[in-house]
Amino acid sequence: MTGDKKSYFIFKDFIAILDLEGYLRGNEIVIISGIRRCGKSSLLKLIAGQLEGVKFYVDFDDIRLANFEVKNFQDLQDLVTEFYREELDKSETGQVYYFFDEIQNAPLWERWLNNLYKEGKKVFATGSNSQLLSSEISTFLTGRNKVLRLFPFSFKEFLRLKGIEITGEEIEAGLLTSSGKAEIFSYFLEYFESGVFPLVLKSGNLELSRGYFEDILNKDVLVRYNIREGRALKDLALFLLSNVGRAYSYPTLRNITGIKSLSTIKNYIDYFRNVFLLYQVPRFDYSLKKQKVSSSKIYTVDNSFLKTVAFNFSENKGQRLENLVFVELLRREKEPYYHSEKKECDFVLREGLRVSEAIQVSVNLNNPETKKREIEGLKEAMEAYKLDSGLILTLEEEGTLDAGGREIVVKPVWKWFLE
């Protein structure tokens with residue numbers, strides 16, 4: 001199996017973090033989804049190392065498969081029969097494991113995977129396009145697949161790579177010394193300032209993310225969606241990355257970017273979302289109609305883009321911290337919205353038909369005006385959704401505040417990341 005060696009060695013211990021046992025068992029198709037360069041190919045290699053039997057790997061991102069057609073699927077199966085005949089004859093089970101990288105590049109891939117599933121083959125595939133994967137999985141593979149969403153490294157995973165094993169329970173129980181807390185916090189600052197793509201961590205070269213951005217834009221968006229006007233698309237991406245966490249509307253974007261068609265702007269943002277580059281967070285409203293016409297906020301999957309690609313006219317620590325919290329909410333499979341009435345709250349989390357949690361993110365509360373704004377926005381959200389408590393995440397501050405009978409917990413974000 002091919003794959004980037006540096007990325008592989010970073011991931012060799014990562015397999016213990018993920019609960020992969022459930023994905024290895026059974027005959028369901030396992031689809032690993034996530035942004036380009038987040039480690040999907042390396043994870044395929046690690047999974048292959050856990051399995052006994054014939055393993056067949058195809059990278060559909062390889063230029064040599066650019067003209068791959070439906071008829072070539074049978075050619076692949078013939079190759080397995082021809083090259084692995086002796087191994088299959090010796091095997092008691094005749095088990096063949098198929099590994100497909102960037103499967104969305106193959107035509108009618110979902111039907112072929114369905115055929116392999118019916119034949120009792122175990123299939124592992126990766127994909128970098130959420131729209132294609134979700135629509136085709138739901139149509140042809142419902143009940144026959146397991147999806148593993150992969151992100152750049154979390155803070156827990158980052159610490160593991162540094163050789164540190166610590167849980168939120170241990171911190172809450174006071175088992176961490178002052179020097180231990182200082183060490184964890186210093187690592188968090190490193191995590192906060194850097195990107196957490198595997199090879200960025202390995203090399204210490206943040207500029208790699210600039211190349212990732214260009215690849216995503218060119219290969220995953222411009223080519224796949226046959227877009228001719230690349231300059232306008234890139235300008236829109238740069239503007240959104242430079243304004244992470246700020247509300248926007250399509251008319252505003254039209255005025256700023258010069259793209260005349262609102263539908264084109266909407267399509268472009270959908271493309272960014274499809275390839276996991278950007279995420280859209282709507283304003284919460286019990287009325288779905290009002291929610292759809294309200295301004296949304298944009299966040300990105302990795303903070304490195306905010307340092308290497310976005311326009312940084314001033315220090316944007318607040319934006320980066322808020323973005324980091326957003327991505328962690330995604331990892332925890334939360335459904336975040338933002339609250340905005342007279343005041344604003346960064347995140348409110350929906351569970352079923354109700355809002356279950358309200359969160360503000362602030363680098364610190366040293367400035368009286370900042371503290372007042374964060375408390376009032378959180379308090380308004382708590383009152384609106386009948387919450388007894390709320391949370392403010394900061395870099396270092398900790399404590400509790402009274403908000404008219406409701407409790408506000410102030411917590412260092414690194415502790416929250418380890419919960």
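These legends walk you through several close-up views of a predicted model.

**View 1. Helices α12 and α13 pack against each other.**
Two packed helices are described by the angle between their axes and the distance between the axes. Here, α12 covers residues 208-223 and α13 covers residues 230-242, and they pack at an angle of about 130° with their axes 12 Å apart. Angles of 65 to 115 degrees count as roughly perpendicular and those over 145 as roughly antiparallel, so α12 and α13 end up oblique to each other. If you look at the handedness, α12 passes α13 in a right-handed crossing. On the α12 side, the contact is made by F213, E214, L217, V221 and L222, while α13 brings G230, L233, K234, A237, L238 and L241. Sort the residues of this contact by class and you get eight nonpolar, one polar and two charged.

**View 2. L236 sits in helix α13.**
Is L236 buried or exposed? Its relative accessible area is 0%, so L236 is buried. Skip the neighbours within four places in sequence, and L236 is in contact with L253, T257, I259, I265, Y268, I269 and F272.

**View 3. Helix α14 meets helix α15.**
Helix α14 runs over residues 250-257, and helix α15 over residues 262-274. The two pack at an angle of about 100°, with their axes 9 Å apart. Since 65 to 115 degrees is the range for roughly perpendicular, that is how α14 and α15 are therefore described. Which residues make the contact? From α14 they are Y250, P251, L253, R254 and T257, and from α15 they are L262, I265, K266 and I269. By class, the residues of this contact divide into six nonpolar, one polar and two charged.

**View 4. Helices α4 and α6 cross.**
Helix α4 (residues 72-83) and helix α6 (residues 109-118) have axes that come within 11 Å and cross at roughly 35°. The crossing of α4 past α6 is right-handed. F73, L76 and Q77 of α4 make the contact with W109, W112 and L116 of α6. Five of the residues in this contact are nonpolar and one is polar, with no charged residues.

**View 5. Aromatic rings pair up in this model.**
The count comes to 34 aromatic pairs. A pair of aromatic rings is described by the distance of the centres and the angle of the planes. Take F99 and F124: their ring centres are 5.2 Å apart and their planes are at 10°, so the pair is stacked. F99 belongs to strand β3 (residues 96-101) and F124 to strand β4 (residues 122-127), so this pair links distant parts of the chain, 25 residues apart. Both F99 and F124 are buried. Now for Y225 and Y271, another stacked pair, with 3.9 Å from centre to centre and 10° between the planes. Y225 is in the loop between α12 and α13, Y271 is in helix α15, and the two are 46 residues apart. Y271 has 17% relative accessibility, so it counts as buried. Finally, look for one aromatic cluster formed by F155, F158, Y187, F188, Y191, F192, W416 and F417.

**View 6. S296 and R350 each lie in a strand.**
S296 is in strand β8 (residues 296-300). With 10% relative accessibility, S296 counts as buried. Leaving out residues up to four places away in sequence, S296 touches R246, A247, Y248, Q280, V281, P282 and Y338. R350 is in strand β10 (residues 344-351). How does R350 count at 26% relative accessibility? R350 counts as partly exposed, because that label covers values between 20% and 50%. Not counting residues up to four places away in sequence, R350 touches F284, E335, Y337 and V355. R350 and I32 are 318 residues apart in sequence, and 25 Å apart in space from C-alpha to C-alpha.

**View 7. G405 sits in a loop between two strands.**
The loop with G405 lies between β13 (399-403) and β14 (406-412). G405 has a relative accessible area of 71%, so it is exposed. G405 and R160 are 245 residues apart along the chain, with 40 Å separating their C-alpha atoms.

Note on methods
Residues numbered from 1 in each chain as written. Predicted model: local features only at pLDDT ≥ 70, side-chain atom pairs only at ≥ 80, totals over all residues. Heavy atoms only, no water. Axes fitted to C-alpha atoms, helices over the stretch in contact; angles between N-to-C directions. Helix = DSSP H or I, 4+ residues; strand = E, 2+ residues; numbered from the N terminus. Parallel < 35°, antiparallel > 145°, perpendicular 65-115°, else oblique. Left-handed = near helix turned anticlockwise from the far one by under 90°. Contact = heavy atoms within 4.5 Å. Nonpolar A, V, L, I, M, F, W, Y, C, P; charged D, E, K, R; others polar. Buried < 20%, exposed > 50% of the residue type's maximum accessible area, 1.4 Å probe, protein only. Phe/Tyr/Trp six-rings, centres within 6.5 Å; stacked < 30°, edge-to-face > 60°.
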